[in-house]
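Thanks for coming, everyone. Have a look at the model on the screen, and I will walk you through it piece by piece.

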Amino acid sequence: MKLSKNFILHEADGQTMLVPTGSAGFSGLVKGNKTLGAVLGCLKSETTEEDIVKALKARFDAPEGAVERDVAKALEALRKIGAIDE
Amino acid sequence: MNGCDQENPRASSALDCSVAGLLVRITPVNEGFRDFCRDFIAGGDGREPDIEIVMTQRDIDAERLRSPGGQTGYSDRYIETLAVCRRLSEIMPSFGRFLMHGSAVAVDGKGYLFTAPSGTGKSTHARFWREMLGDRAVMVNDDKPFIGTGGGATVYGSPWRGKHRLGSNIAVPLKAVCVLGRAAENSIEEITAAEALPTLVRQIYRPDSPAMLAATLGLIDRMTESVRFYRLGCNLDPGSARVSYEMMTKEG
């Protein structure tokens, strides 16, 4: 899976934003927390859910199962707005 | 619809317009486009255009399908103005400019832009500034100004100047951008570029092309280096203009 080309990841002043192009079916703006920012960062290139979980576990200290839950939740939200090409 | 042949549109003659400091050659389908951009028609000095837009009936029909609620009740002439705006805004980032939805006023040669979702009161607030300041305030554009970022930010008038057609073919350095919101009491605060960014991104023209959108976001980042940002809560009382004017024009 990979971030759809109809969405641009923009980072400024520590903020991560996902901005849809005019032709994306979604017209809102997604502002990310650290977790979402990290997930989006992984999605810049072709990846899998397992690899994203691995990358986030290497980066953040979190209780058992929390990273898996957060990644699944973030991917579900991104799929809903058409931001992921499977 | 004007019923012209889709493959052989009944094009009017080409118009050379000066928009945001660029020479834009537009060949519209509808002759009425000349009147729409009459204040922006450039004198013919033989220069090659920076941008060339040739419209067809197919472009107008496609725009009609994209425009919210625009499928019925609007003339081809009006829809064509939207289609040209889209074509131009799509390519502008490659010239260092982007379109931002807002109402821009020039005071003493400096530009002040009010931005917010439609219906918040941008035009009303800009009118309060004009009523308060008289001849010192010149309307740059009441709906869709362009912003350029070469050597500091500049706000440019454009032919797309809102339902009251307020605006001029001028360019001034952009000093401040104010995000408007409704509030019971008038109050204003300076905010960081990061705080303003989500609103700015919602109010820009978002190109269809990912490359042009990325370029636009880069231009916004550059704009934030030279512009100050404010958040105004206003109650649509004319007194709100004094509150915003005193804060936004403060030096230092």
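This is a predicted model: local features need pLDDT of at least 70, side-chain atom pairs count only at pLDDT 80 or more; totals for chains, interfaces and linings use all residues.

Chain A, then. It has three helices and five strands. Along the sequence, the pattern reads β-β-β-β-α-α-α-β. The C-alpha atoms fill a box of roughly 40 × 30 × 20 Å along the principal axes. Does that chain count as compact or extended? Let me put it as a check: what radius of gyration would a compact globule of 86 residues have? The answer is near 12 Å, and chain A has 12 Å, so the two agree. Buried residues make up 27% of the 86 residues. Now take contacts between residues at least 6 apart in sequence. Of these, 43% in chain A join residues at least 24 apart.

Look at helix α1 of chain A, residues 34-42. Which of its residues are buried? They are A:Ala38, A:Val39, A:Leu40 and A:Cys42. These buried residues pack against strands β1, β2, β3 and β4 of chain A. They also pack against helices α2, residues 49-59, and α3, residues 66-80, of chain A.

Next, the contact between the chains. Chain A puts in 15 residues, and chain B puts in 15 residues. On the chain A side, two elements give two or more residues each: β2, residues 7-12, and β3, residues 15-20. Strand β3 of chain A gives the most, with four residues. By class, the chain A side has six nonpolar, six polar and three charged residues.

Over to chain B, and a sheet. Three strands form an open sheet in the order β1-β2-β3, with mixed pairing. Which strands stand at the edges? They are β1, residues 15-19, and β3, residues 51-54, of chain B. Each has a single partner strand, so one side of each is left without a neighbour in the sheet. The twist averages 25 degrees from one strand to the next. A helix packs on this sheet: α3 of chain B, residues 76-91. That helix touches β1, β2 and β3 of chain B, and its direction makes about 150 degrees with that of β3.

A closer look at one pair in that sheet. Strands β1 and β2 of chain B, the latter being residues 22-27, run antiparallel over five bridges. In this pair, B:Asp16 stands opposite B:Arg25.

Now strand β5 of chain B. Four of its five residues are buried, so β5 is largely enclosed by the rest of the structure. What does β5 of chain B pair with? On one hand, β6 of chain B, antiparallel, over five bridges. There, B:Val107 has B:Lys110 as its bridge partner. Strands β5 and β6 of chain B form a hairpin with two residues between them. In that turn, B:Asp108 has a positive phi of about 50 degrees. On the other hand, β5 pairs with β7 of chain B, also antiparallel, over four bridges. Here B:Val105 has B:Met139 as its bridge partner.

Last stop: B:Thr149. This residue is found in the loop between β8 and β9 of chain B. Is B:Thr149 buried or exposed? The cut-off for buried is 20 or more C-beta neighbours within 10 Å. B:Thr149 has 21 inside 10 Å, so it counts as buried. Leaving aside neighbours within four places in sequence, B:Thr149 is in contact with B:Gly96, B:Leu219, B:Arg222 and B:Met223. And B:Thr224 is 75 residues from B:Thr149 in sequence, yet 9.5 Å away in space, C-alpha to C-alpha.

That is the tour. Over to you.

Definitions and conventions:
Residues are numbered from 1 along each chain as its sequence is written. Chains are lettered from A and ligands numbered from 1 in the order in which they are written. Two residues are in contact if their C-beta atoms, placed from the backbone, lie within 7 Å. Ala, Val, Leu, Ile, Met, Phe, Trp, Tyr, Cys and Pro count as nonpolar, Asp, Glu, Lys and Arg as charged, and the others, Gly among them, as polar. The radius of gyration is taken over C-alpha atoms; the globule rule is 2.2 Å times the number of residues to the power 0.38. A residue is buried if 20 or more other C-beta atoms lie within 10 Å of its own, exposed if 12 or fewer, and partly exposed in between; C-beta atoms are placed from the backbone. Two strands pair if DSSP finds at least two bridges between them. Axes are lines fitted to C-alpha atoms, for helices over the stretch in contact, and angles run from 0 to 180 degrees between N-to-C directions.
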